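Work through the exercises below with the sequence and the model in view. Try each task before reading its solution.

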Amino acid sequence: MKRILAACLVVSCCTGALAARADEPSFTLAQALERAGATSPAIESGAAGVLAAQAARAVAGLRPNPELNIQTENVAGSGDYRGFRSAETTAQVTLPLELGGKRPARVALANAQQDRAQIEQAVIAADLRLVVTQAYVTAVSAAERATVAQRQVAIAAEALRSAQVRVRAGRASPLEAQRAELAHLNAQATQEQAERLASVARANLGRMIGAPVAGALDLRWFETLAVAGPVDRAAVSDMLTARAAALDVATADAQVRLAGAQRVPDLQLFAGPRRLSGSNDTAMLMGINIPLQIFDNGGAAQAQARAERQRADATRRMTEIQLDQAIASADAEVANAETAARIASGPALAAAQEAARIARIGYREGKFGQIDLIEAERTLLDTRMAAIDALATYHDASARRDRLVAPASQIAKD
């Protein structure tokens, strides 16, 4: 009787410790996402990409620079041309004239690339949210497995004590004590392994968010299942992945326009004074440069741009089809995971707990054999682990679906 009371005291102490841990402020998923957003190099990379696109937009609007050319002729020769006596010096300013709407076409392309960079920044943020959520799910599920393993050690210790009491009283074979001791050793090994995996998962989450994880993880969030029902979400064409593909088409359109503008040759106007050293006179020099598009008239480049545009549009349509299919599959996966988690953590777990409770009482009173107790305890352990796995699968599937249906940023829309 004293041994039974001692075992109950151990279990109550463990329960008290777990309750005390539950009262501590939890380190929530929202906090993890906030820290990751503030420290992640991926977020910094996306912001830098937007800044680069904005700078490229400013560059695209600039006109070409004029040129200053100073040239001296008829020097360092012989006779009248010895030294600089007959030198002719020309100072020439050349002004390029862009024709065919090249600057507006460059600006349009830069605008499309800027919108694409903003969408890419949103894609990076959505991808970061997914990997941080998955790391959080891994950490909290590993912590729960360690907690279950700890409880199993206490249960195995109580079973060992009960077996030893039965053996000393002559009501059971010493083999029962040996079996119980082996089960206790296995439970201790499982606990050690589970705690090691929980520590690694927690550390990996800390590395992901750039700071150590303080406090217990949010078990209440982990055990909460969303209520099934209609899902209000953006149209497929307004989701991040589809929007990125659409902006690739817009960029390709701008490339086609720029390639067409570049087929029109630019002119160069030049003018400047020429000083004639022999007579000390000054005359003006003026002219125009006109490129002759004999070998390359830009037609091949424009054809290439049109083909790239056609490929981008086909990719966009294919992306929308694949995204629609992926969302349908993700909805089914989340629904199936929710059903499995609800059953495993609800009726199945309750039934396994009740069966194990009855088996423990019956074993202590000599009504059930040790094999019955071992089987009931193994079933309870498997059910608890299955419930944790089902919850982890549900949250992972939900996170992956959220990434698929993530809406595009409003600032990147036309």
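**Exercise 1.** What does the accessible surface of the chain come to, and what percentage of the surface belongs to carbon and sulfur atoms?

*Solution.* The model is predicted: local features need pLDDT of at least 70 and side-chain atom pairs count only at pLDDT 80 or more, while totals for chains, interfaces and linings use all residues. Residues are numbered from 1 along each chain as its sequence is written, and side-chain values use heavy atoms, with hydrogens and water left out. Accessible areas come from the Shrake-Rupley method with a 1.4 Å probe; for residues, only the protein chains shown count as cover. The surface comes to about 23,400 Å², and carbon and sulfur atoms hold 57% of that area.

**Exercise 2.** Place T383 in the secondary structure, then decide: is T383 buried or exposed?

*Solution.* Step 1: helices (H or I, at least four residues) and strands (E, at least two) are DSSP runs, numbered from the N terminus. The chain has ten helices and four strands, and T383 lies in helix 10 (residues 370-404).
Step 2: buried means under 20% relative accessible area, exposed over 50%, partly exposed in between (1.4 Å probe, protein chains only). T383 has 14%, so T383 is buried.
Step 3: leaving out residues up to four places away in sequence, T383 touches A344, A348, L349 and A352 (heavy atoms within 4.5 Å).

**Exercise 3.** Find where I290 sits and classify its accessibility.

*Solution.* Step 1: I290 is in the loop between strand 4 (281-289) and helix 8 (299-345).
Step 2: its relative accessibility is 54%, so I290 is exposed.
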